[in-house]
Amino acid sequence: MIKRMMAIGLVVIGLTACGTGNQGEQRSSVTVSDLEEYNVQQTAVEVTEGDFIYRLVSEKDYYKDEAVQLYAELEYIGEKDEMTIYHAASPFYFPMKEEVRGFDIGYSMNEPLVETILQQGEPYREKYQRSGGYSDQDEEEYQNFMKDFLENGFLTGYYIVNGFADFYVGPENEEKDMYRMEGQIGFKVEE
C-alpha cells in the first residue's frame, strides 16, 4: 500500500514538474484581466498635409463578441473640384501590433499603379480588410496566433494600429508630390 501511494505521489510530482501545457499556449492566451493594464489612448486621428486630410478610425475603443469596425479616409480640401491620386491597390495601410502578446500584424497588398479621383470635400473611405502572414521560420506561438487571426478575426487583445495613407499626385512625366500621412489608434477586443 505504501509503495502504491509513493508511486502515485511520484507520478503527481512528475506531472506537476512537466506542466500540462506549453508556454506558447499560455502566451497566446490573453484574458480580460490582462487587458485591464492597457489604456486606449485614442480611437480616431486626423492628419492634414497640404490639400489632404487623412483619418484613421475605430468605431469603438472596446469590442466584445462583435466585428471590429476600422476604416481610413482621405479627403481632398484644395481649390480644384477634384484631384487624381496614384497609389498601390489601396492608398491605405493598416499595420498593427497586438500589445499583450507583442505580435506584429503586417498589412500587405498588391502594388499595381491605381488612380483614384477624389472629389473636393467628399471623404474617400475604405474599411479594413484582414491581412497578414507568417512563415515556418516564425515562432510557433506567432504562427498559431496568425492562423487563428486570419481564419476567425481579432482575438482577445489590445491592438495598436499604425496606419498610413501612401500616394502621390502629379502628371506622369512631371515632378510628383509624394504623400505619406500617418496616424495611430488603439482598441481592445474580447472574444
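Which strand does Tyr-93 lie in? In this predicted model, the answer is strand S6, residues 92–93.

**View 1. The whole chain, before zooming in.** The protein has 4 helices and 12 strands, and 38% of its 191 residues are buried. Of the contacts with a separation of 6 or more, 67% are between residues 24 or more positions apart.

**View 2. Tyr-93 and what it touches.** Tyr-93 has 11% relative accessibility, so it counts as buried. Skipping its neighbours within four places in sequence, Tyr-93 is in contact with several residues, among them Tyr-54, Met-109 and Phe-164. Tyr-107 is also one of those contacts; its C-alpha sits 6.3 Å from that of Tyr-93, though they're 14 residues apart along the chain.

**View 3. Phe-94 against Tyr-107.** The aromatic pairs come to 21 in total. Phe-94 comes from the loop between S6 and strand S7, and Tyr-107 from the loop between strands S8 and S9.

**View 4. Phe-154 against Phe-187.** With centres 5.5 Å apart and planes at 80°, this pair is edge-to-face too. Phe-154 is in the loop between helix H4 and strand S11 while Phe-187 is in strand S12, so the pair ties together parts 33 residues apart in sequence. Phe-187 is buried at 0% relative accessible area. Ring pairs link both residues into a cluster that includes Phe-94, Tyr-107 and Tyr-159.

**View 5. Two arginines over rings.** The charged end of Arg-125 sits over Tyr-71, 3.7 Å from the ring centre. Arg-180 lies over the face of Phe-164, at 3.6 Å from the ring centre.

Methods
Residues are numbered from 1 along each chain as its sequence is written. This is a predicted model: local features need pLDDT of at least 70, side-chain atom pairs count only at pLDDT 80 or more; totals for chains, interfaces and linings use all residues. Side-chain values use heavy atoms; hydrogens and water are left out. Helices (H or I, at least four residues) and strands (E, at least two) are DSSP runs, numbered from the N terminus. Buried means under 20% relative accessible area, exposed over 50%, partly exposed in between (1.4 Å probe, protein chains only). Contact means heavy atoms within 4.5 Å. Rings of Phe, Tyr and Trp (its six-membered ring) pair if their centres lie within 6.5 Å; planes under 30 degrees apart count as stacked, over 60 as edge-to-face and the rest as tilted. A charge sits over a ring if NZ of Lys or CZ of Arg is within 6 Å of the ring centre and within 35 degrees of the ring normal.
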